[in-house]
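Hi there,

Here is the structure I promised to pass on to you. Have a look at it first, and then read my notes below.

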Amino acid sequence: MRKIGSVPISQVVSCLDGYDPDALHVEKAREAMRACITPISETEQVPVRAALARVLAEEIVPRINVPSHDNSAMDGYAVRFADIAQPLKEIGTALAGKPFGGTLAAGQCVRIMTGAVMPAGSDMVVIQEVVKREGERIIVPPGQKRAQNVRYAGEDLKIGVPVLHPGKLLRPAELGLIASLGIGELRVRRKLRVAFFSTGDELASIGTALKEGEVYDSNRYTLHGMLERLGVEITDLGVVRDDPVQLEAAFHKAAAADAIVTTGGVSVGEADFVRALTAKLGEVLFWKIAMRPGRPMAFGRIGDAFLFGLPGNPVAVMVTFYQFVRDALLHLSGRRDDYAIPLLSATAAENLRKVPGRTEYQRGVLFRDNNVWKARITGQQGSGVLRSMAEANCFIVLEHERGTVKAGEQVAVQLMEGVA
Ligand code: AMP
Ligand code: MG
């Protein structure tokens, strides 16, 4: 089991500069979570293919050079730089995987293909398109450079020089790089286990008819999607009523995971109820974050699991997940590379209403207009309007201090794809 420090979360966060649970800046909220979370340490050994999208848990140090021999970068002739002013005699061929065994003497050259080992004695390659052939002789035109068109041993990866570090996300490029070293298995962090459930007396499950005042539980489906894409192991604990007994049972089950994500029940009034319960089971702080949507949020610990209590509104769930939970879970998973969602710059295509004093995550469409990348919002921006997310391809991030944005001003955007 993961060892968690015994210092209460409230104590850790109260030491942070500018920590104010009633008007928490988004950056502060992220910082507070990171300060409280110790990454998991367990690892497992997996074959290269299975390491895709996992977190590397060892240093990759090459035991061979890549490439292992000096070889040709082009199809042409391997020659000696000192000789190229004179006609050269072709004495053989070097193919990829079929080296020319001999050594070049003065006045000689070897026909060579891309990837073939440089014959002993040769020090450069002249591409085939520029040479002239006169009977058995090869004429090299002037203007060639010493050492051209050669890929040197260890130019890509060098024996003994660490190339990948623990905490790195393994993408297709890393899988290929590891394979190029002849490594068949490697050590990765184990996957995170995340349990989640929705809370609310008004929630109906798919397959039942809606009664008056009910809504279908959509949050568990967006959470399912977001967590799956993050590559964690998920446990879906269903819908839990606003009932202390049911909630306590759900929290007990969920506490076996590394993290728990819930939706609903953190707004004023409801929070008191969850507060009493979670105080009994662990420690939970209720935050009012200076943001829109997603103002109320809970963060804490129940048993060994970190708790992220998200608001109930469907858009607020997604925004708080991407802005906080994603970051916290990646930190918990042991990532040490830069996983912050990039902020790109785009031109506002329209006026965007905004009140200073909170960070807003408006749902937008990034599009190209005459080679200028512009962003517009996806219509109605209410925190319950999930369509605003479904139609969006980006968040338009309007900074804390900023007021209304005029069309033509630059705004920051975060692309929704490619962040997992
Ligand atoms: P709450 O934060 O629990 O007060 O919920 C705020 C709003 O979000 C209410 O209108 C709820 O009906 C709605 N809501 C809460 N949970 C869900 C859910 N799982 N799926 C869809 N809507 C929800
Ligand atoms: Mg509720």
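Let me start with a term: the domain bounds used here come from an automatic or database domain assignment. On that basis the protein chain is divided into domain 1 (9-42 + 190-332), domain 2 (43-65 + 156-189), domain 3 (71-150) and domain 4 (344-415). The centres of domain 3 and domain 4, taken over C-alpha atoms, are 58 Å apart.

Some ground rules before we go on. This is a predicted model, in which local features need pLDDT of at least 70 and side-chain atom pairs count only at pLDDT 80 or more, while totals for chains, interfaces and linings use all residues. Residues are numbered from 1 along each chain as its sequence is written, chains are lettered from A and ligands numbered from 1 in the order in which they are written, and side-chain values use heavy atoms, with hydrogens and water left out.

**The cores**

A residue is buried under 20% relative accessible area, exposed over 50% and partly exposed in between (1.4 Å probe, protein chains only). A nonpolar core is a set of buried Ala, Val, Leu, Ile, Met, Phe, Trp, Tyr and Cys residues joined through side-chain atoms within 4.5 Å. The largest one has 51 residues, and Trp287, Phe308 and Leu329 touch the most other members. Helix α7 (residues 314-332) gives the largest share of this core, twelve residues. Helices (H or I, at least four residues) and strands (E, at least two) are DSSP runs, numbered from the N terminus. Domain 1 and domain 4 each supply at least three residues to this core. Apart from it lies another core, of 21 residues, including Ala250, Ala254, Ile260 and Val274.

Which residues does Phe308 touch, leaving aside its neighbours within four places in sequence? Counting heavy atoms within 4.5 Å as a contact, its partners include Met33, Ile37, Ala259, Met297, Val325 and Leu329.

**Helix α5**

In helix α5 (residues 244-254), the buried residues are Leu247, Glu248, Ala250, Phe251 and Ala254. Seen down the axis, they fall within an arc of 165°, so they line one face of α5; the arc is that of the directions from the helix axis to the C-beta atoms. Val245, His252 and Lys253 are exposed on the other side of α5. Among the elements that cover the buried residues of α5 are β11 (193-199), α6 (270-281) and β19 (305-310).

**Aromatic rings**

Rings of Phe, Tyr and Trp (its six-membered ring) pair if their centres lie within 6.5 Å; planes under 30 degrees apart are stacked, over 60 edge-to-face and the rest tilted. There are eight aromatic pairs by this rule. Tyr19 and Trp287 make an edge-to-face pair, 6.4 Å centre to centre with 70° between the planes. Tyr19 lies in the loop between α1 (9-14) and α2 (26-36) and Trp287 in strand β16 (residues 282-288), so the pair ties together parts that are 268 residues apart in sequence. Trp287 is buried, at 1% relative accessibility. Phe197 and Phe251 are also edge-to-face, at 5.4 Å and 70°. Tyr19, Trp287, Phe299, Phe306 and Phe308 form one aromatic cluster.

**Cysteines**

How many disulfides are there? Taking a disulfide as a pair of cysteine sulfur atoms within 2.5 Å, the count is zero. The sulfur of Cys36 is 10.0 Å from the closest cysteine sulfur, in Cys15, too far for a bond. Cys15 is exposed, at 60% relative accessibility, whereas Cys36 is buried, at 9%.

Happy exploring!
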